[in-house]
Amino acid sequence: MEVSLKRYKLITMDWIDEYIEKLGLEGYCDFENRVNKALDQLRPGKCYDIATDVKEEDQELFIKICCCYINQHPEYEMSDDYCRIYNRSDRL
């Protein structure tokens with residue numbers, strides 16, 4: 001069976017309040033900072049395999065934060081199934 005995490009893609013920003021309530025502001029900010037730092041360190045031409053490298057219970061939030069990151073870093077892109085995020089800056 002093919003894995004798809006597309007159901008977690010960013011559609012609206014309503015999800016932030018839900019996660020802040022669930023994790024607390026400090027917990028949410030810590031998770032967001034760790035994701036952003038990991039993406040900052042992703043070498044050009046490489047990817048993170050979210051489906052295998054991120055705990056299942058963290059995948060939705062990880063993907064939503066990745067989508068926000070992409071808005072500020074257009075050299076990054078998600079795979080069609082949202083299972084991987086790529087640093088495509090080697091194409092620029």
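This is a short chat about a predicted model of one protein chain.

Trainee: What should I know before I start?
Mentor: This is a predicted model, so local features need pLDDT of at least 70 and side-chain atom pairs count only at pLDDT 80 or more, while totals for chains, interfaces and linings use all residues. Residues are numbered from 1 along each chain as its sequence is written, and side-chain values use heavy atoms, with hydrogens and water left out.

Trainee: Which pattern does the protein chain follow along the sequence?
Mentor: The pattern is α-β-α-α-β-β, from three helices and three strands. Helices (H or I, at least four residues) and strands (E, at least two) are DSSP runs, numbered from the N terminus.

Trainee: How many of the 92 residues count as buried?
Mentor: The share is 35%. Buried means under 20% relative accessible area, exposed over 50%, and partly exposed in between, with a 1.4 Å probe and protein chains only.

Trainee: New topic. Where is E77?
Mentor: E77 is in strand β2, which spans 76-78. E77 counts as partly exposed because its relative accessibility is 34%.

Trainee: And which residues does E77 touch?
Mentor: Not counting residues up to four places away in sequence, E77 touches I70, R84, I85, Y86 and R88. Contact means heavy atoms within 4.5 Å.

Trainee: What does the side chain of E77 do with the side chain of R88?
Mentor: The two side chains make a polar contact at 3.1 Å. A polar contact is a pair of N or O atoms within 3.5 Å; within protein, one must be able to donate a hydrogen and the other to accept it, and residues adjacent in sequence count only if both atoms are side-chain atoms. R88 lies in the segment after β3 (84-87). Leaving aside neighbours within four places in sequence, R88 is in contact with E75 as well as E77.

Trainee: Last one. What is the phi of Y82?
Mentor: Y82 has a positive phi of about 60° although it is not a glycine. Most residues other than glycine have a negative phi.

Trainee: Is Y82 buried or exposed?
Mentor: Y82 is buried, because its relative accessible area is 16%. Y82 lies in the loop between β2 and β3.
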